[in-house]
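Subject: Structure handover

Hello,

Here is the structure for your files. My notes on it follow below.

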Amino acid sequence: RDHAMEWTVRLGDGTEESQRRMQRGLDRMWPYTYELFESDETANRLVAQGVAVDVGDLRPEWESYVFAVIDEATLTRPEESNWRPSGGRNGLHTEAMGFILTEMQNLHRTHPGVAW
């Protein structure tokens, strides 16, 4: 979290070009943040049993921190959007997920059984 915050501030409050790119990235990715705080049937059952927290309750504290970083980085808070991607917790992904997983698994597949 600290590493991400430092780079967000450095690039957001940096050159005109870095600020423009950071703002564009923030605006494009912001709608995906809503899915971080979605619940599903399994999560709701775990909350009811007292073994999990309701992720929706975490959003206000998360926003407080993230908005402070956005402000420090001299970026503009993204506008609320009606478009909010959903379904990832239920396994609904675009074909891009396959490419991302392949990239993430590359090291393990290149060096099976490696230990660090």
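Thr74 is found in the loop between α4 and α5 (96-110); helices here are DSSP runs of H or I with at least four residues, and strands are runs of E with at least two, numbered from the N terminus. This is a predicted model, in which local features need pLDDT of at least 70 and side-chain atom pairs count only at pLDDT 80 or more, while totals for chains, interfaces and linings use all residues. Residues are numbered from 1 along each chain as its sequence is written, and side-chain values use heavy atoms, with hydrogens and water left out.

Thr74 is not a glycine, yet has a positive phi of about 55°. Most residues other than glycine have a negative phi. Thr74 is partly exposed, at a relative accessible area of 40% (buried is under 20%, exposed over 50%, partly exposed in between, with a 1.4 Å probe and protein chains only).

Another loop residue is Glu35, between α2 (16-29) and α3 (41-48). Glu35 is buried, with a relative accessible area of 18%. Setting aside neighbours within four places in sequence, Glu35 is in contact (heavy atoms within 4.5 Å) with Pro85, Ser86, Gly87, Gly88 and Arg89.

Now the helix packing. The axes of α1 (residues 2-12) and α4 come within 8 Å and cross at roughly 30°. Axes are lines fitted to C-alpha atoms, for helices over the stretch in contact, and angles run from 0 to 180 degrees between N-to-C directions. The two helices are therefore roughly parallel to each other (under 35 degrees; over 145 is roughly antiparallel, 65 to 115 roughly perpendicular, and the rest oblique). On the α1 side the contact is made by Asp2, Met5, Thr8 and Val9, and on the α4 side by Tyr65, Val69 and Glu72. By class, this contact of α1 with α4 has 4 nonpolar, 1 polar and 2 charged residues (Ala, Val, Leu, Ile, Met, Phe, Trp, Tyr, Cys and Pro count as nonpolar, Asp, Glu, Lys and Arg as charged, and the others, Gly among them, as polar).

With α2, the axis of α1 comes within 7 Å and crosses at roughly 125°, which makes α1 oblique to α2. Here Thr8, Leu11 and Gly12 of α1 meet Ser18, Gln19 and Met22 of α2. The residues of this contact divide into 2 nonpolar, 4 polar and no charged.

Last, the largest nonpolar core has 10 residues: Val9, Leu26, Trp30, Tyr34, Val66, Phe67, Val69, Ile70, Ala73 and Leu75. Such a core is a set of buried Ala, Val, Leu, Ile, Met, Phe, Trp, Tyr and Cys residues joined through side-chain atoms within 4.5 Å. Helix α4 (residues 59-72) supplies the largest share, 4 residues.

Regards
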